Amino acid sequence: MKFGLGFVVDAQPQEFKTQLTTTDNMKIAKKLAIFILISTSSIMVGAQQLWNGTTWGMSESTVKRMFPNIVTTKSEISSFDSAIPVYDLNGIDLEGDKFTATFFFRDGKLIKVRLYPQEVESTERIFYKANRLEEILTSKYGTPYKSEGENLKYKTTRWKNKRTEIMLVALQATRDTNWGKQTDARNLVVVYEAEFVDAASKL
């Protein structure tokens with residue numbers, strides 16, 4: 001007997017129905033467990049979360065579709081892991097302060113995202129923002145697994161989200177230039193990076 005949504009009810013008397021044995025149930029449970037394990041492993045390797053819905057390995061075109069307002073970066077940030085800055089997303093509002101997100105790619109795949117203030121700040125202001133960002137990130141990702149620093153000198157705090165590392169860095173803002181002391185907005189940065197995912201996808 002058929003009902004809506006494709007449900008089927010067997011109208012045969014109870015004594016004619018085939019009953020599942022304990023062995024059948026064990027086989028089904030085993031297959032389900034294997035399926036869940038494979039699915040979970042695929043998600044961890046292939047869709048590791050980075051920042052704001054982006055995932056490790058995304059193509060440049062996919063990132064452009066997600067953020068239509070991104071522009072080709074003018075950043076000259078070097079990266080020890082050979083990741084190249086390609087796009088910037090400006091005007092990100094974080095409690096009234098404007099930040100820029102820079103998207104780094106390697107071999108056409110998204111590897112990391114860095115956030116930093118758009119405006120040049122004093123040392124005191126940078127560390128005030130760093131402490132506030134630490135509170136916000138801790139509320140989202142839990143207690144950091146590592147934190148170190150010296151007041152108004154440097155600060156490094158790290159969180160884990162599965163195999164994604166979120167790192168907050170603040171540095172003393174002043175540096176010597178030909179025009180005297182100058183601050184650098186990139187002395188406050190939040191980095192979203194998936195650890196070991198590239199290697200793990202080959203194992």
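The accessible surface of the protein comes to about 13,200 Å², and 56% of it belongs to carbon and sulfur atoms; such areas come from the Shrake-Rupley method with a 1.4 Å probe, and for residues only the protein chains shown count as cover. Please keep in mind that this is a predicted model, in which local features need pLDDT of at least 70 and side-chain atom pairs count only at pLDDT 80 or more, while totals for chains, interfaces and linings use all residues. Residues are numbered from 1 along each chain as its sequence is written, and side-chain values use heavy atoms, with hydrogens and water left out.

Let us start with the overall plan. The protein has four helices and 10 strands, where helices (H or I, at least four residues) and strands (E, at least two) are DSSP runs, numbered from the N terminus. Along the sequence they follow the pattern α-α-β-β-β-β-α-β-β-β-β-β-β-α. Of the 203 residues, 35% count as buried; buried means under 20% relative accessible area, exposed over 50%, and partly exposed in between (1.4 Å probe, protein chains only). Among contacts (heavy atoms within 4.5 Å) between residues at least 6 apart in sequence, 48% join residues at least 24 apart.

Now turn to the sheet. Eight strands form an open sheet with antiparallel pairing, in the order β1-β2-β3-β4-β10-β7-β6-β5; two strands pair if DSSP finds at least two bridges between them. The edges are taken by β1 (71-72) and β5 (146-150), each with a single partner strand, so one side of each is left without a neighbour in the sheet. Helix α3 packs on this sheet and touches β2, β3, β4, β5, β6 (154-161), β7 and β10. The direction of α3 makes about 15 degrees with that of β6, with axes taken as lines fitted to C-alpha atoms, for helices over the stretch in contact, and angles running from 0 to 180 degrees between N-to-C directions.

Nine of its 10 residues are buried, so β3 is largely enclosed by the rest of the structure. With β2 it pairs in the antiparallel sense over eight bridges, and Tyr87 stands opposite Phe103 in β3. The hairpin of β2 and β3 has two residues between the strands, and Glu95 there takes a positive phi near 55 degrees. β3 and β4 likewise pair antiparallel over eight bridges. In β4, the bridge partner of Phe99 is Pro117, and that of Phe103 is Val113. The hairpin of β3 and β4 has two residues between its strands, with Asp107 in the turn at a positive phi of about 55 degrees. Asp107 counts as exposed, at 73% relative accessibility.

Leaving aside residues up to four places away in sequence, Trp51 touches Phe67, Leu89, Ile92, Ala101, Phe103, Val113, Leu115 and Tyr192. Asn52 lies in the loop between α1 (22-46) and α2 (60-66).

Finally, follow the sheet to its β5 end. Five bridges join β5 to β6, and the two run antiparallel. Their hairpin has three residues between the strands, and Leu152 takes a positive phi near 60 degrees. In β6, the bridge partner of Gly149 is Lys155. Lys155 is buried, with a relative accessible area of 15%. Its side chain makes a polar contact with the side chain of Glu134 at 2.7 Å; a polar contact is a pair of N or O atoms within 3.5 Å, where within protein one must be able to donate a hydrogen and the other to accept it, and residues adjacent in sequence count only if both atoms are side-chain atoms. Not counting residues up to four places away in sequence, Lys155 touches residues including Phe127, Ala130, Asn131, Glu148 and Leu168.
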